[in-house]
Amino acid sequence: MKNLKELTGVVPIIPTPFLEDEEIDEVALRNLIEFAINSGVQGVCLPAYASEFYKLTDEEKLRVVEIAIDQAAGRILIMAQSNSPSLKIAINLAKANVTAGTDIVSITVPRIFSLPEASIQSYLSGFLESIPETPVLIQDFNPGGASIGVSLINYLRTTYPNFKYLKLEEPLCAPKIENIIRTTDGNVGVFEGWGGLYLMELIPIGISGVMPGLGVADILQKVFTLRKNGESQKAFELFERVVPQIFFSLQNMELFHYAEKELLRARGILKNSISRKAAYIPDDSSIKYIRELNNRILKLADDIKTNY
């Protein structure tokens, strides 16, 4: 198995940039990777929900990973999301990503329809078995429902040494994460998702990091470091200023794509905020409010450079 440095801190999701004809903008994607590197993070993940992975062909999913690997050139870790409700397809994509040179592979628990835990265990076991030499992150995004249980997490950890990381995206999960860390002896690094909204609550109990959108990655990296080092007052000062943007954009995943790309455009990283159709078409008041929120993020980013 790859001998990687332990992954901690902010691991942003890289959005998929598109040209006017909705083809992937490879030049813009390289700029996004550079922005991530300059943000001081250890790694990035793509193509995930926040990358519109569900609008990409399997060939395109592999292509964005290949571009990220090439542009990063070993400067940061690349986590390749290999999602599919079909285990066979997920394995094929994961193996292609490993061949391309990815450092970590991520897989999302299939949640299109309700499945018993035995089915989920069989799916995840088959996936982990297929790439035994590659570290794997399991993501469980189950809106409105519970994520996988601690007993299954521990079974996978003790059975498959390449199960290294877990990403959960549910509210009020501090007791569960404490139980996971205790039961697994801290051998599974737990990451918080959902834009980083629960970050301040979960850092003190021992999460390894957070996986937010790229547009606020540098800010949340500073928040994570301050909170981790016991400088909670400074951490809260920054976090309280970034929360409105995170909270508003996460009301709808397609709205998130628009707000995230508009933020990256405001920061000079992207030239447009195009998403593949079907895409969220914001009303005039939302456009105005997103612009206001994003301008506040620009001011925050400048303040951090001066005062933090």
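Buried residues, meaning those under 20% relative accessible area with a 1.4 Å probe and protein chains only as cover, make up 58% of the 308 residues in the chain. The model is predicted, with pLDDT of at least 70 needed for local features and 80 or more for side-chain atom pairs, while totals for chains, interfaces and linings use all residues. Residues are numbered from 1 along each chain as its sequence is written, and side-chain values rest on heavy atoms, without hydrogens or water.

The chain contains 11 helices and eight strands, taken as DSSP runs numbered from the N terminus (helices H or I, at least four residues; strands E, at least two). Its radius of gyration is close to the value from the globule rule (2.2 Å times the number of residues to the power 0.38, the radius being taken over C-alpha atoms), so the chain is as compact as a globular protein of that length.

| Property of the chain | Value |
|---|---|
| Radius of gyration | 18 Å |

Among contacts (heavy atoms within 4.5 Å) with a separation of 6 or more, 74% join residues 24 or more positions apart.

The strands form an open sheet of eight with parallel pairing, in the order β1-β8-β7-β6-β5-β4-β3-β2; two strands pair if DSSP finds at least two bridges between them. At the edges, β1 (9-10) and β2 (43-46) each pair on one side only. Within the sheet, β3 (residues 77-81) and β4 (residues 104-108) are joined in the parallel sense over three bridges, and Met79 stands opposite Ile104 in β4.

Note on methods: Buried means under 20% relative accessible area, exposed over 50%, partly exposed in between (1.4 Å probe, protein chains only).
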